[in-house]
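Student: Can we go through this model together? I'd like to start with the salt bridges and then look at a sheet.

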Amino acid sequence: MNVVKYLSGLLLAVLPILPLPLPAQGELVIVIDTGVEKTLPIAVVPFGWDGPADGPPLDMHVTIANNLERSGRFAAMAAPEMPQQPAQFEHVNFRDWRMLRMEHIVIGSLKQTAAGDFEVVFRLLDAYKQTQLSGFNIRATGAQLRRVAHRISDIIFEKLTGVRGAFDTRIAYVTVREGADGDQRFSLQIADADGFNPQTLLKSEQALMSPAWSPDGQYLAYVSFEGDNSSVFVQNVRTGERRQVAAHEGINSAPAFSPDGTRLALTLSKEGNPEIFVLHLSDNSLQRITRNRAIDTEPAWSPDGSKLAFTSDRGGAPQVYQIDLQGGVPSRLTFAGNYFARPRYAPDGAGMTMVYEQDGAYRIAYLDLDNGALSVLTSNRLDESPSFSPNGSMIIYATNGRYGSELAAVSADGRVHQRLALQDGEVREPAWGPFPAD
């Protein structure tokens with residue numbers, strides 16, 4: 001049996017491979033498509049600078065304002081429109097800001113020390129109460145400044161919306177580029193959630209697929225076709241060290257870490273047709289979960305680790321099922337159409353996202369697990385690989401759009417849309433990482 005062709009056929013049967021074009025070279029570019037109707041106005045004042053005349057290594061206010069803007073929840077005031085640009089609390093004329101109906105102001109400063117690092121001061125202010133809502137003083141290296149800006153954004157987001165911010169997180173994805181010889185080159189990459197600081201973890205002339213984060217963010221599991229057969233690897237994101245954890249005869253695919261990080265759910269065909277298994281990483285022992293003549297694939301863990309959702313065509317067409325790991329038979333969750341695939345639970349367990357075929361178009365949908373209501377969140381022709389942000393507010397996915405090969409994101413309620421255009425080859429299978437460990 002040609003396993004590569006078999007697996008490709010399996011994937012096509014369950015989820016279409018996007019025919020993405022090859023645009024010009026560049027970085028991930030954040031483009032806000034649509035946002036909520038009533039955004040929160042906020043002024044992020046340019047940070048004061050105490051250092052060399054050539055300026056700071058990072059415009060902190062730009063990164064913070066961009067983060068808040070791309071959430072779709074905030075409307076950041078342009079710097080030239082600000083009535084003043086104070087860096088310290090005592091220099092703020094709150095009356096000027098209230099006349100512009102600006103409720104919240106972010107001020108701060110950046111100072112380079114004799115040791116070459118930086119002192120960062122940040123304050124979130126309420127213009128009407130004339131009080132400080134949050135703030136900190138922190139020392140950081142130049143390489144850490146962007147992360148400090150993300151953390152400031154997270155603090156502002158949570159303080160003003162009540163939802164934990166996810167700007168200081170990372171995404172993983174697979175890029176595909178055409179080499180000089182015309183053959184494809186695959187890369188497994190990670191980047192900040194805003195698309196900056198991309199890092200290549202692995203390059204291969206064979207296909208790479210299905211990256212999945214461990215719950216502590218230290219490891220990525222993925223599928224590699226090196227050796228002309230699919231295998232599952234687990235790789236340390238920091239050191240690059242990796243180990244092969246599944247290389248059975250036939251299909252080895254679709255890894256997903258358990259919430260406690262000790263197990264991988266995956267699809268194996270070593271006993272015949274593709275079934276769902278659980279691999280215990282401590283001793284490489286396997287537990288078979290499904291037993292059916294149909295194709296069972298794309299497992300996803302419930303947040304409490306008690307259930308697995310998966311895609312199966314046991315009813316004649318791809319649908320989403322759920323099985324209790326303590327025993328019992330799988331229950332079907334989707335009924336509103338003839339094609340559902342790639343389920344992923346929301347972090348709170350109240351619903352899940354998936355790919356839904358509607359009038360020949362493949363779109364991202366959200367299923368409420370309490371009442372069974374289905375909401376279609378996107379309107380493109382080819383959307384795939386949805387993945388929740390760790391706070392559950394956004395869903396990242398791959399799409400084919402006007403900027404070529406793109407990543408995109410949509411809020412769980414469908415009101416906020418954004419595009420993250422990768423201008424250097426195709427981009428596939430995004431996975432949003434967990435919150436960083438404090």
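Predicted model: local features only at pLDDT ≥ 70, side-chain atom pairs only at ≥ 80, totals over all residues.

Student: How many salt bridges does a search of the whole structure find?

Tutor: The search finds 15, a salt bridge being a side-chain nitrogen of Lys or Arg within 4 Å of a carboxyl oxygen of Asp or Glu.

Student: What does D296 form a salt bridge with?

Tutor: Its partner is R314, with the closest N and O atoms 2.7 Å apart. D296 lies in strand β19 and R314 in the loop between β20 and β21, so the pair ties together parts that are 18 residues apart in sequence. Strands are DSSP runs of E, at least two residues, and helices runs of H or I, at least four, numbered from the N terminus.

Student: Is D296 buried or exposed?

Tutor: D296 is buried, at 0% relative accessibility, while R314 is partly exposed at 26%. Buried means under 20% relative accessible area, exposed over 50%, partly exposed in between (1.4 Å probe, protein chains only).

Student: Now the sheet. Which order do the strands of the open sheet have?

Tutor: The four strands run β10-β9-β8-β31, with antiparallel pairing; two strands pair if DSSP finds at least two bridges between them. The edge strands are β10 and β31.

Student: How many bridges join β9 to β10?

Tutor: Five. L188 has L202 in β10 as its bridge partner.

How values were computed. Residues numbered from 1 in each chain as written. Heavy atoms only, no water.
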